[in-house]
Amino acid sequence: MRILATTFVIFIIFIIVIAALSCIRIVPQASAYVIERLGAYQGTWSVGIHFKVPFIDRVARKVLLKEQVVDFAPQPVITKDNVTMRIDTVVFYQITDPKLFAYGVENPIMAIENLTATTLRNIIGDLELDQTLTSRETINTKMRATLDIATDPWGIKVNRVELKNIIPPAAIQDAMEKQMKAERERREAILRAEGEKKSAILRAEGKKEALILEAEADKQAAILRAEAEKEATIREAEGQAQAILDIQKATADGLRFLKEADPNNAVLQLKSLEAFGKAADGKATKIIIPSEIQGIAGLVKSLTEVGALDEGEKKEAVTKLEK
């Protein structure tokens with residue numbers, strides 16, 4: 001009997017220990033537990049160790065407080081210009097109030113998905129196809145603001161909404177590809193025309209520069225030729241002036257030497273005869289002889305013969321005159 005009582009006591013103690021251990025709960029980081037007591041909300045446990053009343057308290061819901069991502073399937077939408085397309089979205093959300101999340105809505109993820117689909121249809125319905133394809137940022141902003149307001153009573157905060165993909169109909173895709181191809185060809189033609197225009201302008205400017213340089217070169221050459229001719233004329237004139245000056249100087253020296261020699265009348269008459277001899281070498285046919293030298297006309301027969309005398313004969317004649 002004692003053994004049975006001892007066993008029963010040990011069993012009771014074991015049950016009590018197990019029950020006590022089951023009442024100890026540790027809440028991990030970034031998590032929260034919603035506690036109910038007898039079916040009513042009791043409180044929310046945050047991170048740490050907690051104790052609950054056995055058989056009375058229970059963990060109604062474990063809530064993850066991290067930011068979560070949910071990718072919804074493509075939703076069919078109709079644009080303002082009656083084009084049906086499929087758009088899939090990605091929603092980034094975070095639970096801020098575990099109590100509201102546990103009791104606010106039955107299925108929060110399904111509620112967010114349906115709310116996203118209806119909001120997307122409302123926004124796309126006011127846009128045309130081209131606006132829809134080029135206004136992703138605007139659509140994302142509007143959807144995030146709308147979802148954030150709608151999910152606030154559920155204890156959910158929507159951080160971001162992204163349009164993952166926009167899938168237009170196949171016919172629209174073909175038309176868009178043809179349009180893009182035509183646009184690229186048009187841009188290519190414009191660029192080619194602009195290139196040819198710039199090339200023609202550059203060639204014309206090059207020819208213009210060449211003509212200007214050629215004209216400048218011709219002008220410079222003409223200036224150099226004129227300067228050369230001017231320099232040659234100046235040097236020629238200077239040479240002629242120097243020659244005249246040398247002749248005048250030689251004549252002056254000859255006169256000075258003749259004056260210093262004090263020649264007699266016979267020598268002077270002979271010099272006059274030599275001068276007329278040189279004159280006779282010209283083409284003149286008539287020469288008037290001064291009376292002062294007519295006395296020596298017998299030495300020569302004519303002025304022509306005097307012009308024909310050589311130096312030896314002239315010296316011989318001068319010697320005779322001096323005698």
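Which residues are linked with Arg144 in a network of salt bridges? Arg144, Asp148 and Lys157 form this network, a salt bridge being a side-chain nitrogen of Lys or Arg within 4 Å of a carboxyl oxygen of Asp or Glu.

## Basis of the model

The model is predicted: local features need pLDDT of at least 70 and side-chain atom pairs count only at pLDDT 80 or more, while totals for chains, interfaces and linings use all residues. Residues are numbered from 1 along each chain as its sequence is written, and side-chain values use heavy atoms, with hydrogens and water left out.

## Overall architecture

The protein contains 9 helices and 9 strands; helices (H or I, at least four residues) and strands (E, at least two) are DSSP runs, numbered from the N terminus. Of its 323 residues, 24% count as buried. Buried means under 20% relative accessible area, exposed over 50%, and partly exposed in between, with a 1.4 Å probe and protein chains only.

Among the contacts in the protein with a separation of 6 or more, 62% involve residues 24 or more positions apart, where contact means heavy atoms within 4.5 Å. The accessible surface comes to about 23000 Å², and carbon and sulfur atoms contribute 59% of this area. Accessible areas come from the Shrake-Rupley method with a 1.4 Å probe; for residues, only the protein chains shown count as cover.

Helix α5 has 16 residues, which at 1.5 Å a residue should span 22 Å; the end C-alpha atoms are 22 Å apart, in agreement. The expected span is 1.5 Å times one less than the number of residues. The buried residues of α5 are Ile139, Asn140, Met143, Leu147, Asp148 and Thr151. They cover an arc of only 150° around the axis and therefore lie on the same side of α5; the arc is that of the directions from the helix axis to the C-beta atoms. Glu137 and Ile149 are exposed on the other side of α5.

The buried residues of α5 pack against β8 (84–95), α3 (108–124), α4 (129–134) and β9 (156–167). Within α5 (residues 136–151), Arg144 and Asp148 are 4 residues apart, about one turn of the helix, and their side chains meet in a salt bridge at 3.9 Å, N to O. Arg144 is partly exposed at 30% relative accessibility, whereas Asp148 is buried at 19%.

## Further salt bridges

The whole structure holds 9 salt bridges. One of them joins Asp57 and Arg37, with the closest N and O atoms 2.5 Å apart. Asp57 lies in strand β5 (residues 57–64) and Arg37 in strand β2 (residues 31–37), so this pair ties together parts that are 20 residues apart in sequence. Asp57 is buried at 6% relative accessibility, while Arg37 is partly exposed at 33%.

A salt bridge also connects Arg192 and Glu188 at 3.0 Å, N to O. These two residues are 4 residues apart in helix α6 (residues 170–261), a separation of about one helical turn. Arg192 is partly exposed at 45% relative accessible area, and Glu188 is partly exposed at 44%.

## Aromatic pair

The structure holds 1 aromatic pair. The ring centres of Tyr41 and Tyr103 are 5.9 Å apart and the planes stand at 85°, so the pair is edge-to-face. Rings of Phe, Tyr and Trp (its six-membered ring) pair if their centres lie within 6.5 Å; planes under 30 degrees apart count as stacked, over 60 as edge-to-face and the rest as tilted.

Tyr41 belongs to strand β3 (residues 40–45) and Tyr103 to helix α2 (residues 98–104), so the pair ties together parts that are 62 residues apart in sequence. Tyr41 is partly exposed at 32% relative accessibility, and Tyr103 is partly exposed at 41%.
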